[in-house]
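Me: I would like to learn how to read a few features of a protein model, going from the whole chain down to single residues. Could you take me through them one at a time?

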Protein chains: 2
Amino acid sequence: MKRTKIKYALNAENALNDILIKGWVRTKRDSKGFSFVELNDGSCLTNIQAVIDHTPEIVEVLDKVGTGASVAIAGSLVESPGKGQKWEVRGTSIELLGEADQETFPLQKKRHSDEFLRSIAHLRPRTNKYGAVFRLRSELAQAIHRFFAERDFFYIHTPIITGSDCEGAGEMFRVTTLEPGSKESAESDFFGKPSQLTVSGQLSVEMFALSLGDVYTFGPTFRAENSNTPRHVAEFWMIEPEMAFADLNDDMDLGEEMIKYLVSHMLDNCSEDIELFAKWVDKSLMPTLETILADPFERVPYTEAINILKKTKKQFEYPVEWGMDLQTEHERFLCEEKFKKPVYVYDYPKTIKPFYMRMNDDGKTVGAMDCLVPRIGEIIGGSQREERMDVLLARMDEMRLEKEDYWWYLDSRRYGTAPHAGFGMGFERMLMLITGVSNIRDVMPFPRTPKSLEF
Amino acid sequence: MKRTKIKYALNAENALNDILIKGWVRTKRDSKGFSFVELNDGSCLTNIQAVIDHTPEIVEVLDKVGTGASVAIAGSLVESPGKGQKWEVRGTSIELLGEADQETFPLQKKRHSDEFLRSIAHLRPRTNKYGAVFRLRSELAQAIHRFFAERDFFYIHTPIITGSDCEGAGEMFRVTTLEPGSKESAESDFFGKPSQLTVSGQLSVEMFALSLGDVYTFGPTFRAENSNTPRHVAEFWMIEPEMAFADLNDDMDLGEEMIKYLVSHMLDNCSEDIELFAKWVDKSLMPTLETILADPFERVPYTEAINILKKTKKQFEYPVEWGMDLQTEHERFLCEEKFKKPVYVYDYPKTIKPFYMRMNDDGKTVGAMDCLVPRIGEIIGGSQREERMDVLLARMDEMRLEKEDYWWYLDSRRYGTAPHAGFGMGFERMLMLITGVSNIRDVMPFPRTPKSLEF
């Protein structure tokens, strides 16, 4: 018989004479003449309860079944007399697929700390919380692809290994096939020149916006930054849409539409898993998500945001002045206290932004935008790109960049340039927003951080 | 006015009084009193024709408009009197967004070699062929996510940087933040130990199969192999499903269902782009794709496949004997000449397969399978995994693997082990199958190969 996933058994329309379920035992409780087994197969948060009458053969198997064991139970699906569940399995046979030594199995039924669970990242998806995290992670990734597909954006795989150490978004990892300590030059290396792991697919994906129109990347990105914070990891996933014939307003519109789409999609499709987080992880999760959906995001020019921050009585650790980059405390003040909803800050000083952002007419600011959301701070950073060759070259001179390194990038301005804009969204930050999880390590299958590369 | 993508203009139901289109000029032809402009915006293969009556202002703009320029044309959408197109734009204004110097623009209207276009990979998506390649690439990736979503598989992002140099699937790139030539030990490196780019997410994703049930990865994968062939690149994308409570037959069923789903989805949704390849790239493309859909795939045990290869009169470069790995010539003979359809070969000698494949009762073969398709050869390689701890440990001893390196992998067999199976499919190989493109470099945005890391 084909196994039925527990998700479908729990949502059955009718009782079933024959059913086969398989999964991992969460608890087993023995009673006189029968046993209760709570089984989970990862298809959903809720366990199914199986009630199994004792026979000599069954008792022999049940004796070896403890928390964490994997079993197959055959029987019928019947209405449950118990509270809180519609269906249960009346088991007529149980097969032990894999034992779990009760002395050493680390996931006995009790509450475990996130720190401890990180040390057994290979087992933590068998807990309620992390099972839910990774189901939500999967659905969020699916929703992102759907969002773009519905809008005729093409998905582009920009390269992970890059020869341009000039992407400018952060410290980079080197990639090599030379032996450690080898004195051979980069010419003898695999690619014949220095190579790194990408920090952003933007420059590459711009080439595709300027040929296919609306495009996006969704892939892993790397930062070799030696910072141990709950917001940083060395390897994470990023979404970078890029639109031809679009300006900064179109860019902000797309970001807002995307965040609302994702929040709304997740609430509609994953309510059971999200409720776990609303109940146990972050009591303010639902109000936060509802705020995001409720109103248009605030849009404030950087200069005005600075004035707001200067005028407030609130004390900040970092003093506020025009020309500075906003710190997390400023970002959170703007969206959590001042506007009480997501906020776009736009038109930043050119001095704190990369060369490719479009110069505004004031000559001082560029068409950049950050989207700030409650609890997370910056979730999106983007800009209209400088499409005017002369302005772009002047900016590169100002920032002392080697134009030869960018010959192909400049070609896109040389031949049929067009206004275009895009942004980057940290996938894990979006998932943290949706779950209320506060440490990025806890929304990644196997997080990579300084001095930590287990699994 | 909002721009209309050319794909929607060409498929309009009715004429439109007002329309705004933007894109890149493919050709311009001047006539007495008016000009024809063929415009493409990447949204589809077909250009739209704009007919623009001359006025002094318009002529001034048109003089600067050549192949490759980007323009915005406003006017009305009217029925085309010309053949081969239903609609055309009657342009009343044209704006030049970006010139393209006709002396140097490399994509003048003529046929270019694939080799030449590889040297301008940043511009090649502006050609018919490569625009189609990357639209198909995008749709194929979308279809893969949909295939798994419809079957309740969870999408898992397994790590790219890995500490296990023992994944065993090929030569690996090292990842480091130490300076080139540095004599510092791995302990001083970013992760405090040697780190590499992944060659397969399988071992990691097995942990998720054994907690969430049905899962898959879809991400970049790396091989530091110094081979310059039309089938190999250093960085490519791979799909790796993994199913709990599944055996080798379930695995072959899933692979067959997936290949058929993808071929059928692409034929249904991308006929215009696929026809380009059927017409210009591979005349046998349509029959090949139809064969894939027509019948169940052949399933042949390895031992029987060897006997077939020994009995045929065909001469092979590599002599055939039991215990050898099949070469491309053997694979292609089996599916192109012997069975004339996709073929699974399964139950391979254990000596040519990795430690994690499930030992068969004969003690000589393991539950491995390869799916061979016409023109490509192997497109899927998979196995049932060894879930029995004692057998797995014995195999690791035989192959002299350090068990300490695999402590977490072994935990999954120690606690609630269960039968499971999965496979890997090369994304680019699937795209080559669907397009008939014969060089893997020509289905990747910016291919990475030995001594080649431009863009």
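Me: How many positive and negative side chains does chain A have, and how far apart do the centres of the two sets lie?

Reply: Please keep in mind throughout that this is a predicted model. Chain A carries 57 positive and 72 negative side chains, and the centres of these two sets lie 5 Å apart.

Me: What are the overall dimensions of chain A, and how many helices and strands are there?

Reply: Taken along the principal axes, the box filled by the C-alpha atoms of chain A is roughly 85 × 60 × 45 Å, and the chain contains 13 helices and 16 strands.

Me: How should I read the contacts in chain A by their separation in sequence?

Reply: One takes the contacts between residues at least 6 apart in sequence and asks what part of them joins residues at least 24 apart, which in chain A comes to 66%.

Me: Which backbone nitrogen lies 3.4 Å from a polar atom of the side chain of Asp251(A), and which residues is Asp251(A) in contact with?

Reply: That backbone nitrogen belongs to Gly422(A). Once neighbours within four places in sequence are set aside, the contacts of Asp251(A) include Gly422(A) itself, together with Ala421(A), Phe423(A), Tyr344(A) and Met369(A).

Me: Which backbone angle deserves a look in chain B, at Phe245(B) and Phe455(B)?

Reply: The angle is phi, which is positive in each of these residues other than glycine: near 60° in Phe245(B) and near 75° in Phe455(B). Phe245(B) belongs to the loop between β11 (235-244) and α6 (248-269), whereas Phe455(B) is found in the segment after α13 (427-435).

Me: Why do Phe245(B) and Phe455(B) count as buried?

Reply: Phe245(B) counts as buried because its relative accessible area is 10%, and Phe455(B) because its value is 9%, with the cut-off set at under 20%.

Conventions:
Residues numbered from 1 in each chain as written. Chains lettered and ligands numbered in written order. Predicted model: local features only at pLDDT ≥ 70, side-chain atom pairs only at ≥ 80, totals over all residues. Heavy atoms only, no water. Helix = DSSP H or I, 4+ residues; strand = E, 2+ residues; numbered from the N terminus. Contact = heavy atoms within 4.5 Å. Lys, Arg positive; Asp, Glu negative; His and termini not counted. Charge placed at Lys NZ, Arg CZ, Asp CG, Glu CD. Polar contact = N/O pair within 3.5 Å; in protein donor to acceptor, adjacent residues only side chain to side chain. Buried < 20%, exposed > 50% of the residue type's maximum accessible area, 1.4 Å probe, protein only.
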